[in-house]
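Student: Can we go through the aromatic side chains here? Put the model up and I'll ask as we go.
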Amino acid sequence: MFRRKSLEHLNFDYRVNRLKTYLQQQTNAAPLAVFRIGFGLMMLYGMIRFWAHGWIESIYIEPKFHFSYYGFEWIKPLGNYTYLIFIICGLSAFFVALGLKYRLAIITFFLSFTYIELMDKTSYLNHYYFISILSFLMIFLPANTTFSIDNLWRKRSFEQIPKWTIDAIKLLLGIVYFYAGLAKINSDWLFKAQPLKIWLPSKFDIPFIGKTLMQEDWFHYAMSWSGMLYDLFIPFLLLYKRTRIFAFILVVFFHVFTRVLFPIGMFPFVMIMGTLIFFDAGFHQKIISFIKISINKFIKVNTRVIETFPEYHIRYRKVIISVIVTFFAIQILFPFRYVLYPGNLFWTEQGYRFSWRVMLMEKAGISTFKIEDGKTENFFYVNNLDFLTEFQEKQMSFQPDFILEYAHYLGDHFTSQGHKNVEVYVDSHVSLNGRLSQPYIDKTVDLYQQKESFQHKNWILPFKE
């Protein structure tokens, strides 16, 4: 018994020593610098693109009512000042790319971008969440230690940074991919090819394959299964040097192809840029050399005044490592919160968001709201377009937290208009992944008396398969 305890103690010490050794390992700083530049420029372009399409006005300024995230109801658009938030976000992204006041810039970007994301959940996308948590992680990484304007100002740069700072980004990318693959292991995706069987035939206008492959059942199943396998295995193929180039070719093909098929914004290009960090430092040094040569054609930068040090040592290392360990513990566990709720996840959507479930379902619904006087039982029906945009009504019609929040908005509105004993009921029918529509919300429940919480919403009717 003593011998077994002694062996266990030795194994524990061995693991602790390995961890300490890993945390002390250094690696070339070039990959993190290239990642910083790519991330900053793409985010700057994203802000310009969002503004140019008129989405700031249509999503944040025009609507009378905005759907809020639970706990963040206080975050609202600021009218025309909303444009200022986008300007701040775009400028901070540009400063991140330059490595100019990097720490302040990345904190400003994280706060402004996350504020934009939280202003209205109607426009929720997985990749917005990804950008928020990635920018939060980058606050604690020394991405300006080389090839940055901060180097010029401080007159010093560093060749080596802790290896775990680069591995942290690799791990986050790996979680996004792997969890997206796990989410695809469900009966609709694998055995019914849904919702691809709904979406792909509508792409008949794509040259060469639109009227052929896109209409074939076998192709729908091939896309479903290959998508699942791609997400599950691509992080490991990128990690392994012998398969890295092949894996990157798959990354480019997969994301460009999905971008052609679906309007998912910049996410494919962000992921393509992000996966470059898996390549060796020599590759990134070539990118930096190319950028330096291009810059020197227009601006002569005196880099001789910069003193180069071999290694960068992070201040408050123990605190920062503790924050990052906590961060990843949350990222690993949080997507599994759906197991705490009964019912079909795609139906109830309790625990669906922020869990890397990318394009897994096609839902459509019709939700008709009835305002009733609880004493006289007099009632009338609401025209949703009197209060919501078409896009908001579409998103509200099949998402239970949207339906509840809108019910409270209607209740407050009609109470303020002088109506007495206001009760709010909804007659809602929803279709999931091509099935016939089913009753969705218990129409005998007064939603105005229901409160939003993390508890199970027992007024969602069971899914009948």
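Student: Which residue lies over the face of F334?
Tutor: R337 does, at 4.1 Å from the ring centre. A charge sits over a ring if NZ of Lys or CZ of Arg is within 6 Å of the ring centre and within 35 degrees of the ring normal. K370 lies over the face of Y425, at 5.6 Å.

Student: What sort of model is this?
Tutor: A predicted one: local features need pLDDT of at least 70, side-chain atom pairs count only at pLDDT 80 or more, and totals for chains, interfaces and linings use all residues. Residues are numbered from 1 along each chain as its sequence is written, and side-chain values use heavy atoms, with hydrogens and water left out.

Student: How many aromatic pairs?
Tutor: The count is 45, where rings of Phe, Tyr and Trp (its six-membered ring) pair if their centres lie within 6.5 Å; planes under 30 degrees apart are stacked, over 60 edge-to-face, the rest tilted. Y124 and F354 are edge-to-face, with centres 5.3 Å apart and planes at 80°.

Student: Are those two buried or exposed?
Tutor: Both Y124 and F354 are buried (under 20% relative accessible area; exposed is over 50%, partly exposed in between, with a 1.4 Å probe and protein chains only).

Student: And why is F253–F257 called stacked?
Tutor: Because their planes are at 5°, with the ring centres 5.7 Å apart.

Student: Is F253 buried or exposed?
Tutor: F253 is exposed at 56% relative accessible area, whereas F257 counts as buried at 18%.

Student: Which rings form a cluster?
Tutor: Ring pairs link F65, F67, F369, F380, F387, F402, Y406, Y409 and F414.
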